[in-house]
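Work through these exercises with the structure open beside you. Each task is followed by a solution in short steps.

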Amino acid sequence: MTDAVKRALDVTLASIGLVLSAPLLAVLAAAIRLESPGHPFYTQTRAGRDGRPFSILKLRTMVQGAEFTGAGLAIQEGDERITRVGRFLRRYSLDELPNLFNVLRGEMSIVGPRPTLLHQVEQYTDRQRGRLKVKPGITGWAQINGRASLPWSERIELDLYYVEHRSLALDLRIIARTTELVLSGQGLYKGERGGWQPPTA
């Protein structure tokens, strides 16, 4: 699949998605603001293609300033920092709807490895940096094969598989499977084995 075909698919799906979800986004933003103080949208710096930083846009699911309290950026099921509206948003991955703006801006793709934090990228091996050869995605091969419940190294290997085998057929397969997973809510939290672990001294 050429970059032009993938970009055309991204723009088409993101545009349709934003038009259809605009009323829902407005309602969800209002619900977030009514429940807890702070802006309903949340931005965070992530690593994009070739490691270039960009600001990912999401609906806020936690109390304002949550990254500086409790477990910081680590989020587990039952985390008290997650708001009631936030639990609903996370359950159906609605907090990621604003990622569609990132797709239109060309920072993300509909399908690709999920964008990670800059300090996580600093810990990549040369092989693992191969996941940065493509734009990060809203959903991806690792997302439909375990999501956050997978150990970090396994998630990266799945992302590398996608980078090496990406095609229009694979993208469409991932999009279809993502719909099933969103409804099931599987793999939302990392549990005991999943997620990134900081390097030990």
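A pocket is an open set of grid points with protein on both sides within 12 Å along at least five of seven lines, and its lining residues have an atom within 4 Å of a point. Keep in mind that this is a predicted model.

**Exercise 1. Describe the second largest pocket: its volume, its lining and the elements that supply the lining.**

Solution. 
- Step 1: Take the volume. The second largest pocket holds about 690 Å³ of space.
- Step 2: Find its centre. The lining has 22 residues, and those nearest the centre are Leu97, Leu100, Ile138, Thr178 and Thr179.
- Step 3: Trace the elements. At least two lining residues come from each of helix H1 (3-35), E4 and helix H6 (168-184). H1 gives the largest share, 6 residues.
- Step 4: Sort by class. The lining of this pocket has 13 nonpolar, 7 polar and 2 charged residues.

**Exercise 2. How many cavities of 30 Å³ or more are there, and which residues line the largest cavity?**

Solution. 
- Step 1: Recall the idea. A probe the size of a water molecule, rolled over the atoms, shows where empty space is left.
- Step 2: Count. There are 2 cavities of 30 Å³ or more.
- Step 3: Take the largest cavity. Its volume is about 40 Å³. Gly112, Pro113, Arg114, Arg131, Gly140, Ala142, Gln143, Arg155 and Asp159 line it. By class, that lining has 2 nonpolar, 3 polar and 4 charged residues.
- Step 4: Turn to the second largest cavity. Its volume is about 30 Å³. Its lining includes Ala47, Arg49, Leu132 and Pro136. The classes here are 6 nonpolar, 1 polar and 3 charged.

**Exercise 3. Is the pair of tryptophan 141 and tyrosine 161 stacked or edge-to-face?**

Solution. 
- Step 1: Search the whole structure. The search gives 2 aromatic pairs.
- Step 2: Check the geometry. Tryptophan 141 and tyrosine 161 lie 5.5 Å apart, centre to centre, with 25° between the planes, and the pair is stacked. The cut-off for stacked is planes under 30 degrees apart.
- Step 3: Tryptophan 141 sits in the loop between strand E4 (137-139) and helix H5 (152-165), while tyrosine 161 is in helix H5, 20 residues apart, so the pair links distant parts of the chain.- Step 4: Compare accessibility with the cut-off. Buried means under 20%. Tryptophan 141 is buried because its relative accessibility is 11%. Tyrosine 161, at 37%, is partly exposed.

**Exercise 4. Which residue lies over the face of tyrosine 92?**

Solution. 
- Step 1: Look above the ring. Arginine 91 lies over the face of tyrosine 92.
- Step 2: Read the distance. Arginine 91 is at 4.6 Å from the ring centre.

Technical notes
Residues are numbered from 1 along each chain as its sequence is written. This is a predicted model: local features need pLDDT of at least 70, side-chain atom pairs count only at pLDDT 80 or more; totals for chains, interfaces and linings use all residues. Side-chain values use heavy atoms; hydrogens and water are left out. On a 1 Å grid over the protein atoms alone, a cavity is a set of points where a 1.4 Å probe fits but cannot get out, and a pocket is an open set with protein on both sides within 12 Å along at least five of seven lines; lining residues have an atom within 4 Å of a point. Grid points are joined across faces, edges and corners, and a volume is the space filled by probe spheres set on the points. Ala, Val, Leu, Ile, Met, Phe, Trp, Tyr, Cys and Pro count as nonpolar, Asp, Glu, Lys and Arg as charged, and the others, Gly among them, as polar. Rings of Phe, Tyr and Trp (its six-membered ring) pair if their centres lie within 6.5 Å; planes under 30 degrees apart count as stacked, over 60 as edge-to-face and the rest as tilted. Helices (H or I, at least four residues) and strands (E, at least two) are DSSP runs, numbered from the N terminus. Buried means under 20% relative accessible area, exposed over 50%, partly exposed in between (1.4 Å probe, protein chains only). A charge sits over a ring if NZ of Lys or CZ of Arg is within 6 Å of the ring centre and within 35 degrees of the ring normal.
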